[in-house]
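This briefing is for a reader who is new to the structure shown below. It takes a few local features one by one, grouped by topic.

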Amino acid sequence: MNDIAVPPVDLQVIPSPSLASSVVMTTPGARFEIKDELRKVLALTADGVLHIADGYQADAYVMAFVDKLEHEGFDYQIKTASMVEIKALYETSQQVALGSQAETLRQAQALELIGHAHKQGASDIHIVVGDDITKIYYRIHGLLWEVRQEKSEVGGELCSALYNSMCDVSKEHYQAHIPQDARVSRRFVQQLGLFGARVATRPLVDGPLMVMRLLYDDDTKQTPEELGFLPEQIVQLSRLRSLPYGVNLFTGPTGSGKSKSLQVQLNLLHDETEGTRHILTLEDPPEYKLKANQSALSPGETWSGGITNSVRLDPDILMYGELRDLASAQAAYTGGMTGHQVWSTLHTNNAIASIPRLIDMGVPRYLVTDPALTTGIINQSLIPVLCPHCRIPLRKHQRSIDTTLFARLDKLALVDQVNLAGEGCTHCSGRGVIGRSVVAEILATDLLFMKVFNEHGASAARRHWVKEMGGITKIAHARQKIAAGDVDPRHAETMVGPLDFDQQLVELSHA
């Protein structure tokens with residue numbers, strides 16, 4: 001992939017009020033430029049203070065400069081200073097101007113970077129600052145692609161400009177040695193056609209890491225089928241939407257498409273009820289535009305406090321961006337107990353694991369294992385979809401994959417159906433993949449399932465779900481997409497695990 005081209009930038013430095021006392025207006029090229037000799041005894045700063053060296057107030061050249069200020073109607077006040085202090089003012093002003101120019105240039109580069117990543121369809125931008133070089137990556141279709149390299153100092157300045165001058169929700173100023181979180185100002189993301197952008201940083205051994213999550217105002221893929229859910233799973237999702245109350249959770253790792261799936265579910269709820277039910281959200285920050293009353297977590301507001309407040313606003317359906325701790329999880333279950341349909345997200349590896357995770361968080365077991373309260377758990381991942389124009393059959397390229405993976409595919413009788421990612425073509429911008437598709441497992445709970453979980457634990461409950469309830473695991477879902485020739489098994493195993501993992505988990509738990 002080619003490097004990002006940054007156009008020439010016309011740098012115009014406009015001092016902010018916080019820098020006004022450091023910016024001198026009598027430097028060469030400034031509005032009130034004066035000769036070198038006069039700069040030894042006089043300096044006018046942008047806050048309107050005229051610094052005059054002690055003993056030079058009656059100097060003819062100084063008085064002529066004062067007359068000039070009065071003639072132009074410039075409001076000023078005189079302050080006596082030493083010649084050493086005046087020299088220091090000019091030196092500081094030069095440093096501020098150079099720093100402002102550098103930050104302005106880096107800000108322009110940052111805007112170009114985000115804009116280019118958007119055009120490429122990237123979900124994330126990684127800026128990895130090392131000892132000598134900075135590497136910049138895009139995550140596209142779930143895979144990381146290196147797009148360019150810069151000098152180490154350029155990467156540091158880019159991170160600083162992004163955090164300090166482009167974020168409106170941040171803690172203090174950029175500090176490379178500590179983890180920080182921020183949100184890019186809407187005035188920047190809107191001009192780039194994005195819904196939002198989140199920033200997270202962390203110090204690494206060789207330098208700082210900054211990752212930007214790009215949030216799209218995405219109106220594509222507005223049905224579960226378009227997202228990649230199976231027909232039988234779509235029926236389950238429809239039933240969950242029809243329930244009068246209960247807690248439904250989309251779970252999975254970061255970047256697994258949980259928020260997008262929530263958007264589709266809530267928009268369908270709005271359409272199916274013809275807007276007759278009050279759908280209220282609490283998000284930090286909102287990630288997609290919804291057919292709902294969307295609200296962001298206010299500064300200083302806790303998740304539990306926001307959730308408690310939301311129940312008082314006459315909602316029918318509540319959506320919380322994430323269950324992050326015990327307080328938010330308990331508050332969400334309170335919403336379910338008071339007759340509301342609740343939707344939220346949680347970070348877990350599979351659907352069944354969400355139940356012990358909630359219990360470990362401190363939610364009472366009797367609430368979590370009540371099938372009338374915990375009504376549905378969806379766990380999902382996103383897998384790259386192969387480009388149909390350049391994908392290649394495994395049978396003709398057997399040596400390109402690991403022998404143990406080939407053995408697993410052979411045991412599952414999938415070899416003749418499998419395609420692999422090709423070298424790329426014009427249709428896929430040279431990547432070999434054209435998008436991502438959901439692989440998911442949906443647990444619609446019932447009394448017997450919860451009884452098995454309470455009496456025999458998560459492993460037995462998982463086997464009961466698969467064997468007795470017809471549950472489709474993420475791995476089984478991925479195998480279907482591999483068998484259709486749409487997914488490279490190497491990508492699938494990276495996202496969901498070995499393709500024979502179900503046998504290990506389900507069959508061994510039977511023993």
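In this predicted model, the hairpin formed by β9 and β10 has four residues between its strands, and Gly207 there takes a positive phi near 160 degrees.

- Strand β9 (residues 194–203) runs antiparallel to strand β8 (residues 180–184), and four bridges join the two.
- Within this pairing, Val199 of β9 stands opposite Ala182.
- On β10 (residues 208–216), β9 has another antiparallel partner, with nine bridges between them.
- Pro203 has Pro208 in β10 as its bridge partner.

**Helix α4**

- Helix α4 covers residues 152–166, which makes 15 residues.
- From its first C-alpha to its last, α4 reaches 21 Å, close to the 21 Å expected at 1.5 Å a residue.
- Eleven of the 15 residues of α4 are buried, so the helix is mostly covered.
- Among the buried residues of α4 are Val154, Leu158, Leu162, Tyr163 and Met166.

**Helix α13**

- Helix α13 (residues 403–411) has Leu405, Phe406, Arg408 and Leu409 buried.
- These four lie on the same side of α13, because they cover an arc of only 160 degrees around the axis.
- In general, an α-helix has 3.6 residues a turn, so residues three or four places apart point the same way.
- The buried residues of α13 pack against α17 (489–496).
- Thr403 and Lys411 are exposed, and they sit on the face of α13 turned away from its buried side.
- After α13 comes Ala413, which has a positive phi near 60 degrees.

**Cysteines**

- The count of disulfides is zero.
- Cys387 is in no disulfide: the nearest cysteine sulfur belongs to Cys425 and is 3.7 Å away, whereas a disulfide needs sulfur atoms within 2.5 Å.
- Cys387 counts as buried, because its relative accessibility is 0%.
- Cys428 is in no disulfide either, and its nearest cysteine sulfur, that of Cys390, is 3.7 Å away.
- With a relative accessible area of 3%, Cys428 is buried, since the cut-off for buried is under 20%.

Note on methods
Residues numbered from 1 in each chain as written. Predicted model: local features only at pLDDT ≥ 70, side-chain atom pairs only at ≥ 80, totals over all residues. Heavy atoms only, no water. Buried < 20%, exposed > 50% of the residue type's maximum accessible area, 1.4 Å probe, protein only. Expected span 1.5 Å × (residues − 1). Pairing = 2+ DSSP bridges. Arc of directions from axis to C-beta. Contact = heavy atoms within 4.5 Å.
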